[in-house]
Amino acid sequence: MPLLRFGALACLPLLLAGGSDFDDAFANGTLHGQAKLFYYNIDKAHDDNAHAFAAGGYLKASTDTGKRFFAAIRFHTSQPVGGNENREQTALFNNDKGAEALNVNSEAYLGWNGGSRVLKVGNLMLNTPMMNDDTTRIVPWSYQGAAYTGEALPNTKVQLNYIQKIRSHTSGRYKKESASGGIGRGITMLGIHYKGFEHLALDSYYYYAPDLYSTFIAQIDYQWLPDQENLFCASVQYFKSGNGGRYAQSDNRNGGDDIDLVAAKVGYYAEDWMISLNYSKNFGVSGIVKGYGGLAKVFTTSMVANGRGNYGPETWMVKTRYDLPPGRWGKSEVAFTYTHTRSDAMQGDDFDAYYAHWKHDFNADTSLYLRYETLDHHNKSDARYLRLITAYRF
Amino acid sequence: MHTFRYINAAAALCIAGTPLFAAEKAVSLEEHGKQSVEVDSIADALTHGKVKGLIRYSGQHRDSNYHVLQDAPTDTSSEKVQAYSTLGGYLGYETAPLYHTSVGATFYTSNPFLGSNASDRKGLGGLYEADGGQDSYNVLGEAFIKFQTKEHMVKIGRQEMPDYRFVSLSNIRMTPFTHEGAVYENRSIEDLKLNFAYITKQKDRNAEKFQDMVRSARVELGSGGKTKVRGSYDPADFGSDGKYAGKDKAMSMAGLIYGQNEWKMELWDYYVTDFINTLYCYGQYDLHPSETWKVTLAAQYANQQDVGKGVAGNVDTWFYGLKAQAASDNGMLFFLSYNEIDYNEASYDGGTIFVRWGTPQMFNSFQVQDSELAGTKSVGVGAQFDLGALGIIDSTVIRFRYADYDMPDSLYMTDARQDRTEATFDLRYSFAKQSGFGIFTQLDGLSIQFRLAYDQFETDYDFDAYKKLHGYDLQRVTDHFVDARLYIDYLF
């Protein structure tokens, strides 16, 4: 809350100043939004099924971001429509209140623009490996705190975030609670990105959460373009957590103080298709499914299936995608992913998964997205997941 | 009720239009802020709509736990403080009309901001209080489809209903009341406006959910040992907390406004199934004693009766009011007003008028006191000065008011209350306009409003004797308190 108060204090002189600068900031501001219709069906062999329709989207307004000070606000909504069954399992609505309609303030921040340095304070949507927005539903995760991004050094980007509260994608409230437990004194993140080497990109993050657990992440990406139509890439990731605090739970599926995960990826991208082989092995007991919030960005991630679980899973994943030739009604892509996960531990979840999608973009703003995945579990009932998403941006 | 849920969802989705007519994104707020004109494609409808936005800081402080909305009859003699300090407002978008039809949606929000928003200071309704604290709230308060021509307007879904007297916004906290239903307005006949509505639900100012029109009226069986419901009623309609727990009830509304030159009359009827019917009449006549002064004489009368099943028992009450107002061309205004509310112990709460669907309409509804309580006889006086128009201080309007509320206060009375007075001071300052506005005029750009009320309660009663006679306390308030409110608004 002190950060929010600081932001408020920064805002008041701006408000009280009035005058043309303030009016110009609004006049040159922007408004955009998105409408979505989402259908989700979960079909399990022996457990309760779930399905729901949701309609919603977002509306965002921001003042002129070219000014020294700027501000933005965004609301997301997800409203149940039509028939449904066990809709809380779809994670589309407000699970704090019986899976009723979910209306949230996902962004409300004041920004300072210092050229190559930007500071935002307030409610934020983030895009980091262990704290991100997760846009796989209508309403994303969001975070309350401060985020600084500096790009003053050549080829280098530095991120420094402090998060004091987190709002889950199924809640309207910001709480001192992450996906994997209470955060007490908050989470501080330092991210450093370097692109100064030819073909290489280096990324490193450190999340300091003294009351939960801290995590170090390193990633190296290599890209080689022999010509305009072919791209080869290879990447490695490493996630290591420790320093468990009072809220840490080592075998937590979403994250704990014993993550020790290595992942690798090799891929080939042609003009209209791609294929990649992804691998991950978690040598620790803790999972890393959601991390602190959102969905942890590990290479072995499909729609539902992933290699981010707890009890040391080892996962192989083949992803391929093909872009169909553009036609009068837009362009389409189809994709297929196969996931193979095994664990040495008794408690581990062994499964094979098959994922396919068809996505059609009528134009840059309008899309229809059909996603299907089936998971064949070895030690629990199988499950099938279907999502149909129509989206329009304006 | 599902019908309106679908409309809410559809209103959001209709903004999406069809894939073949997609348009550019992120158009400037300035362009969106202009008045929409009829367009001829879905793409234009989507990209040339209207934005409405309000950034509001609001702080309110009352050095008493006297809560006029519920008229709490519990002992309030402690020095408890109610207060909130919040930042929020709303953001909405309505498409440009295509074939006279548009859709819109508005989000409303309020968030704790600076100051103390402790749970034990709740009660004023600036933040979400239903869970026992004072927390943020976000709500999709508007989601509608609208058809409008010069003569007809039909609007269906969640929406602001600002102009229907007993049904209105009452935007005096962070966010206004909004309602869910269908409205039809007709202006086919010159000087005549007809209004019809079927209202299923209402969102309270600081609520996240819409409730039916009986719950929204804040019906309760009783409180503090006093039974408010009189006559026959079905106990199954009330929960263990004494609040209404029966079936949802909707309101049908009809209104007629007719005016010509110097005079104007209004006739309204609000019928809530199995609850009450409210008839409201209003008339005013303008005199011009000189070239620079206008005198307005106004009268109002309302009658409220139970109907159908009568879920709140007997309701049989009325009120009337008289007002004289003088306004000068250069920005001075003076008024004198009188209200009387029926006192009827056979009616709900002794004849108190149900007014919680919008702004209370009594002439002497001031800052804290609404003059709706049973048996109230009130006299109010006031003066307002547009200091910009008077050439004293640009962009500033001030107002002073004073009212004396003479309550039924004999010991034998079932619904006795303390006599009270209220003095208020209001100030409005605009950063965008020099003069020609009032305390509540909607002003674009940045404006500040400061409101102060001083309430004095008569305490020379034998409270113990009253309790001994009736078995519950006569409402007891500290002999005086101050209610202060600050609003900093930026409207775009």
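## Contacts along chain A

Within chain A of this predicted model, contacts between residues at least 6 apart in sequence can be sorted by their separation, and 59% of them join residues at least 24 apart.

## Overall form of chain A

Chain A contains two helices and 20 strands. Its C-alpha atoms occupy a box of roughly 65 × 55 × 50 Å along the principal axes.

## Nonpolar cores

The largest nonpolar core has 100 residues, and the members that touch the most others are A:Ala54, A:Leu92, A:Met131 and A:Ile187. Strand β2 of chain A, residues 50-62, supplies the largest share of this core, with eight residues. Apart from this core lies another, of 44 residues, which includes B:Tyr164, B:Met213, B:Val272 and B:Ile341.

A:Ile187 shows what such contacts look like for one residue. Beyond its neighbours within four places in sequence, A:Ile187 is in contact with A:Met131, A:Ile163, A:Tyr207, A:Tyr208, A:Ala209 and A:Tyr292.

## A loop residue: A:Lys175

A:Lys175 lies in the loop that runs between β7 (156-167) and β8 (177-178) of chain A. Because 14 other C-beta atoms are found within 10 Å, A:Lys175 is classed as partly exposed; a buried residue would need 20 or more, and an exposed one 12 or fewer.

When residues up to four places away in sequence are set aside, A:Lys175 touches A:Lys165 and A:Ile166. A:Tyr143 is 32 residues from A:Lys175 in sequence, and their C-alpha atoms are 9.3 Å apart in space.

Notes
Residues are numbered from 1 along each chain as its sequence is written. Chains are lettered from A and ligands numbered from 1 in the order in which they are written. This is a predicted model: local features need pLDDT of at least 70, side-chain atom pairs count only at pLDDT 80 or more; totals for chains, interfaces and linings use all residues. Helices (H or I, at least four residues) and strands (E, at least two) are DSSP runs, numbered from the N terminus. Two residues are in contact if their C-beta atoms, placed from the backbone, lie within 7 Å. A nonpolar core is a set of buried Ala, Val, Leu, Ile, Met, Phe, Trp, Tyr and Cys residues joined through C-beta atoms within 7 Å.
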